[in-house]
Amino acid sequence: MKLSKVYSLVVLSALVVSASSVQAQLPDKVGGLIRADRTAANISKTTSPHEALMSVVDKESTLYVPSPVNAVNYLNNRPNLPDVLTWQPNFALVSKSLDWGVTSGPMEFQKIGVIKRYGQYLTVWRRDKKGNWKVHVRAEVENFGKGPKSDLVFYEPDDSWYLKHRSKVRLQQREEVVTQSDELFSTILKANNEAAFNEFLSDDVRYYYPWEPEIEGKKNVLAFLKKKRIEITTDPSGVGRAYSGEYAYTSGTANVRSKEKVVKFNYIRIWQLKDDYQWRVLIEMMFER
C-alpha cells in the first residue's frame, strides 16, 4: 500500500475516533436530545429539509413560518422550503422529568442558484408516548452569519426529587404561574425596558434578534438594546412547562420600536426557575411576523 494511502487511513481513523469521543462525552440525558437534533440535521443534509422536518414533527407540533402553523399540515402541503438546510446545536437542556427540552444554534439555508443565507433556530421539544423526541415549537430568525462561533453549552438534569403532580388542574395552575411572570415582564416593559430586562433576564441569557449575531449575557443584551435605541413591548399568548417544573416557555407578539420605525414581531422565551424561586429568561428570540 502506498504511503499516501496509509496516511489517509490513519487520518480518517483518527477523525472517527475523535468524533466518537465527542459523542461519548455527551451526558446520557441531554445527550439523547442533542443526538436527536443532530440526526434530523443529518437527514436534512443527506436527504432533504422536508424529510428532516417530517421525521421530528407530529400532529401537535407548531412551526413559525413566521406565523405559527400546524407543522404536519404545513409540511404535507409541500411548502417552498430551501433546497439546502443545515443546522448545528450549540445550546441544549433537558428537564428532570426527561419529557421536555430545548436546542438552539446556527443554521444555513439556500435555494439552488441563490446566495446562501444564515440564521439561528430555536426548538422546544417534548417526548411522545413512545419516548421519541418531537418538536413542540420551532422558530427561526435570519442574520448575516457573522460573529464568533459558540461552543456547545448544555444543561444536564440532576437526579434531585421533584413533585409529581397528577391533577390536570394543578398542572394548568403551574403553567399560569409562568404566564403571570411573562405578563409582569410585559407590564414593566411598557414602563421601562431597561428595568424589565435587567429584572427578568438571566445573567447568562442568549438573545436572538433579526440580522444580529447571537448575543450572550445580560450586560451585552442591555448594551445592544441601548445602542440600537430599541424599545420593546410584548403581549404573551402561549405557554408550556416541563412536568418537573424547572423549565418553561412563553410565546406571543411584540411591537419593536427603533429609531427608524415600529415593526410587528413574534417572540419566544425560554424560562428557568432559579434557586431563589424566581423565573428568569434563558433565551429570548424575536422575529418578524
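Q: How many residues does H5 have, and how far does the helix reach from its first C-alpha to its last?
A: This is a predicted model, and in it H5 has 24 residues and reaches 35 Å from its first C-alpha to its last. That is close to the 34 Å expected at 1.5 Å a residue.

Q: Which residues of H5 are buried?
A: Arg 174, Val 178, Ser 181, Asp 182, Phe 185, Ser 186 and Leu 189 are buried in H5.

Q: OK, and what do the buried residues of H5 pack against?
A: They pack against helix H6 and against strands S9, S11, S12, S13 and S14.

Q: Tell me about H6 then. At what angle do H5 and H6 pack?
A: H5 (residues 168–191) and H6 (residues 193–200) pack at an angle of about 150 degrees, and their axes are 6 Å apart. That makes H5 roughly antiparallel to H6.

Q: Which residues make the contact?
A: On the H5 side you'll find Ser 181, Leu 184, Phe 185, Ile 188, Leu 189 and Ala 191. On the H6 side there are Asn 193, Ala 195, Ala 196, Phe 197 and Phe 200.

Q: How many of the residues in the contact of H5 with H6 are nonpolar, polar or charged?
A: Nine are nonpolar, two are polar and none is charged.

Q: Let's zoom in on Ala 196. Is Ala 196 buried or exposed?
A: Ala 196, which is in helix H6, counts as buried at 0% relative accessibility. Leaving aside neighbours within four places in sequence, Ala 196 is in contact with Phe 185, Ile 188 and Leu 189.

Q: And how far apart are the C-alpha atoms of Ala 196 and Glu 176?
A: They are separated by 20 Å, and the two residues are 20 residues apart along the chain.

Q: Switching to sheets. What is the strand order in the open sheet of six strands?
A: The order is S10-S9-S14-S13-S12-S11, and the pairing is mixed.

Q: Which strands stand at the edges?
A: Those are S10 (215–216) and S11 (231–241). Each has a single partner strand, so one side of each is left without a neighbour in the sheet.

Q: How do S9 and S14 run, parallel or antiparallel?
A: They run parallel, and four bridges join S9 to S14. Tyr 208 stands opposite Met 285 in S14.

Q: How about S13 and S14, in which sense do they pair?
A: S13 and S14 pair in the antiparallel sense over nine bridges. For example, the bridge partner of Phe 265 is Glu 288 in S14. S13 and S14 form a hairpin with five residues between them, and Tyr 277 in the turn has a positive phi of about 65 degrees.

Q: Why is S14 described as largely enclosed?
A: Nine of the ten residues of S14 are buried, so the strand is largely enclosed by the rest of the structure.

Q: And S12 with S13, how many bridges do they pair over?
A: S12 (residues 247–257) and S13 (residues 262–273) pair over eleven bridges, in the antiparallel sense. Val 256 stands opposite Val 263 in S13.

Q: Which strands does H6 lie across?
A: H6 lies across S9 (201–208), S11, S13 and S14 (279–288), and runs at about 115 degrees to S9. Helix H7 (residues 218–228) packs on the sheet too, touching S9, S10 and S11. The direction of H7 makes about 50 degrees with that of S9.

Q: New topic: S6. How many of its residues are buried?
A: Eight of the eleven residues of S6 (residues 117–127) are buried, so S6 is largely enclosed by the rest of the structure.

Q: How many bridges join S5 to S6?
A: Ten bridges join S5 (residues 100–110) to S6, and the two run antiparallel. Phe 109 stands opposite Arg 117 in S6. S5 and S6 form a hairpin with six residues between them, where Gly 113 in the turn has a positive phi of about 90 degrees.

Q: How many bridges join S6 to S7?
A: Ten bridges join S6 to S7 (residues 133–143), and these run antiparallel. The bridge partner of Gln 120 is Val 141 in S7. Their hairpin has five residues between the strands, and Gly 131 takes a positive phi near 90 degrees.

Q: Last one: where is Ser 44?
A: Ser 44 is in helix H2 (residues 28–46). Ser 44 is buried, with a relative accessible area of 4%. Leaving aside neighbours within four places in sequence, Ser 44 is in contact with Pro 49, Ala 52, Leu 85 and Trp 87.

Definitions and conventions. Residues are numbered from 1 along each chain as its sequence is written. This is a predicted model: local features need pLDDT of at least 70, side-chain atom pairs count only at pLDDT 80 or more; totals for chains, interfaces and linings use all residues. Side-chain values use heavy atoms; hydrogens and water are left out. Axes are lines fitted to C-alpha atoms, for helices over the stretch in contact, and angles run from 0 to 180 degrees between N-to-C directions. Angles under 35 degrees count as roughly parallel, over 145 as roughly antiparallel, 65 to 115 as roughly perpendicular and the rest as oblique. Contact means heavy atoms within 4.5 Å. Ala, Val, Leu, Ile, Met, Phe, Trp, Tyr, Cys and Pro count as nonpolar, Asp, Glu, Lys and Arg as charged, and the others, Gly among them, as polar. Buried means under 20% relative accessible area, exposed over 50%, partly exposed in between (1.4 Å probe, protein chains only). Two strands pair if DSSP finds at least two bridges between them. The expected span of a helix is 1.5 Å times one less than its number of residues.
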